[in-house]
Amino acid sequence: MNTNRREFLKASSLAGLGLISSTVFAGNKEEKLDNKANTSLVQNAGKRLLGSGKHQLQVSAIGLGCMGMSYHRSFVPDRKVSINLIREAYEIGINFFDTAEAYGPYLNEDLVGEALAPIRKNVVLASKFGFVDGTPSKGLDSRPETIRKAVDESLKRLKTDYLDLVYQHRVDPNVPMEEVAGTVKELIQAGKVLNFGLSEASVDNIRKAHAIQPVTALQSEYSLFTRDPEKTVIPVCEELGIGFVPYSPLSRGLITGYINERTKYNAQNDNRPALPRYQRDAILANWPLIELLKDFGDQRGLTVAQVALAWLSAQKPFIVPIPGTTKLAHLRENFDSSLYEFDPKELNELTSNLDKIKIVGERAVGQQAQQIKN
């Protein structure tokens, strides 16, 4: 698909939210735009920066988390459907794609590599290392030799000779962070990796890594159900010029209304049945948050998911959520959320109401909980 169609699709998205036409609505403000301004708005819609200095990436304001197309989401769509969705994401304006060796393991990287091969040079591709044999249940492994091997194998599966961004998937307490950062620095010098990221790292480990190799992005769980990063790692990201990439920004589908207390999962390919927040009582206890988002969105032509994603993006200009999906309709829905601009007053009021809701249930248990505490 050519550039003209991509711009048309972006324009259609803007029009769908009332953000491009003779009248543009930004929150509650009404502003007249001429054709020249419209064109500029389309070309610059949804761009954000991760990182700073020489290790800065310009990405779409919403990325695409590809994990669920292969792993942990009960069903696996037809491969052709997923490839088409990934390519369509690029056509509507998404250029930031996230995968990992652990998703499958290996299956998701293979899928993403095939999907992005025709457009590889035009996108920002991120992957991750950090587990024994790429398998979280086998434990953590960020030894230098493991990192080098993991990156080489990821490059093969992803059909590329470089990764725009490589994350340590989880901090390995048995390997000094300085050693991990130093190994990635060598991979950057070799041209196999362009930028370094961390995932679920503590403030201390972020600082240690950044002192050795500038960190471009931190990826951690952040949603309206999981707001801990606001008090811990987001402030240090702002201080050091590090981008913040929320994974599970819709809490694995919970913050959509699409999942409810009657939803059934395939426990053989889904981590949600084991997580406290996905139990019947917790879903019912947390439903007031869904209702609040619905009430807000109903008055503005937004879905629950769009309000949730737009709220995250409004917190800091260096935040880039990466919601996953297996459906084209939800892909467009998620992308369009980046086009909504809150009026300051309505954002403050919504946040105040969200602050009053107490979330029930831990976000992780067992080995998974331990791996996010490093």
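**Cysteines, sheet and helix packing in the predicted model**

Cys66 is buried, as its relative accessible area is 0%. The structure is a predicted model, and the description below refers to that model. Cys237 likewise has a relative accessible area of 0% and is therefore buried, the cut-off being under 20%. No pair of cysteines forms a disulfide, the number of disulfides in the structure being zero.

An open sheet is built from seven strands, which follow the order 5-6-7-8-9-10-11 and pair in parallel. Its edges are formed by strand 5 (64-65) and strand 11 (243-247), each of which pairs on one side only. Within the sheet, four bridges link strand 9 (residues 196-199) to strand 10 (residues 215-221), and the sense of this pairing is parallel.

Helix 9, spanning residues 280-298, packs with helix 12, spanning residues 344-355, at an angle of about 165 degrees, and their axes are 11 Å apart. Because this angle is over 145 degrees, helix 9 is roughly antiparallel to helix 12. On the helix 9 side, the contact is made by Leu289, Leu292, Leu293 and Phe296. Helix 12 contributes Glu346, Leu350, Asn353 and Leu354 to the contact. The two helices, helix 9 and helix 12, cross in a right-handed manner.

Technical notes
Residues numbered from 1 in each chain as written. Predicted model: local features only at pLDDT ≥ 70, side-chain atom pairs only at ≥ 80, totals over all residues. Heavy atoms only, no water. Pairing = 2+ DSSP bridges. Disulfide = S-S within 2.5 Å. Buried < 20%, exposed > 50% of the residue type's maximum accessible area, 1.4 Å probe, protein only. Axes fitted to C-alpha atoms, helices over the stretch in contact; angles between N-to-C directions. Parallel < 35°, antiparallel > 145°, perpendicular 65-115°, else oblique. Left-handed = near helix turned anticlockwise from the far one by under 90°. Contact = heavy atoms within 4.5 Å.
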